Amino acid sequence: MEKILIAEPDNLLANEVIRQLKLAGYSRILYAPNGEEALAVCRKEKPELLIINMSLPDYFGLELPEILASKSEEYGKPFI
């Protein structure tokens, strides 16, 4: 897996997830603190995996995954 995006508003939790992924051998880890930034990162970087908090400050539940799925040509097709 080349790129992983973490969408998590809690910096401490995000840093711990990133640390664990690095320990597991993943090196291309991206971070977004909210849904809008996650969309921007997906548009630019096209990550293969998105680890998302389902209670982001600007998107809740499946809103963000639905946007990504409906516009896969723009955002790529990350596994969520």
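Predicted model: local features only at pLDDT ≥ 70, side-chain atom pairs only at ≥ 80, totals over all residues.
Trainee: Where does N34 lie?

Mentor: N34 is in the loop that runs between β2 (29-32) and α2 (35-45).

Trainee: And which backbone nitrogen does its side chain reach at 2.8 Å?

Mentor: That of E37. A polar atom of the N34 side chain also lies 3.2 Å from the backbone nitrogen of E36.

Trainee: Leaving aside neighbours within four places in sequence, what is N34 in contact with?

Mentor: With those neighbours set aside, N34 is in contact with L56, P57 and D58.

Trainee: Let us turn to α1. What span should its 13 residues have?

Mentor: Helix α1 covers residues 11-23, and at 1.5 Å a residue it should span 18 Å. The C-alpha atoms at its ends are 18 Å apart, which agrees.

Trainee: Which residues of α1 are buried?

Mentor: They are A14, I18 and L21. Viewed down the helix axis, the buried residues fall within an arc of 60°, so they line one face of α1.

Trainee: What covers them?

Mentor: The cover over the buried residues of α1 includes β1 (4-7), β2 and β3 (49-52).

Trainee: And which residues are exposed on the other side of α1?

Mentor: L12 and L23 are exposed there.

Trainee: What caps the N-terminal end of α1?

Mentor: D10 does, with a side-chain oxygen 2.9 Å from the backbone nitrogen of L12. After α1 comes G25, whose phi is positive, near 105°.

Trainee: New topic: how many salt bridges does a search of the whole structure find?

Mentor: The search finds four. One of them joins the side chains of E45 and K3, at 3.5 Å from N to O. E45 belongs to helix α2 and K3 to the segment before β1, so this pair ties together parts that are 42 residues apart in sequence.

Trainee: Is K3 buried or exposed?

Mentor: K3 is buried, with a relative accessible area of 12%.

Trainee: Which residues are linked with K3 in a network of salt bridges?

Mentor: R28 and E45 are linked with K3 in that network.

Trainee: What about E16: with which residue does it form a salt bridge?

Mentor: E16 pairs with R19, and their closest N and O atoms are 3.0 Å apart. Both residues lie in helix α1, three residues apart, about one turn of the helix.

Trainee: How accessible are E16 and R19?

Mentor: E16 is partly exposed at 33% relative accessibility, and R19 is partly exposed at 42%.

Trainee: And which residue does E74 meet in a salt bridge?

Mentor: The side chain of E74 meets that of R43, at 2.8 Å from N to O. E74 lies in helix α4 and R43 in helix α2, so the pair ties together parts that are 31 residues apart in sequence. E74 is partly exposed at 29%, and R43 is partly exposed at 38%.

Trainee: Finally, which element has the lowest mean pLDDT?

Mentor: Helix α4 (residues 72-75) has the lowest mean, 87, whereas β2 has the highest, 97. The chain averages a pLDDT of 93, and 99% of the residues score at least 70.

Methods:
Residues numbered from 1 in each chain as written. Heavy atoms only, no water. Helix = DSSP H or I, 4+ residues; strand = E, 2+ residues; numbered from the N terminus. Polar contact = N/O pair within 3.5 Å; in protein donor to acceptor, adjacent residues only side chain to side chain. Contact = heavy atoms within 4.5 Å. Expected span 1.5 Å × (residues − 1). Buried < 20%, exposed > 50% of the residue type's maximum accessible area, 1.4 Å probe, protein only. Arc of directions from axis to C-beta. pLDDT = per-residue confidence, 0-100.
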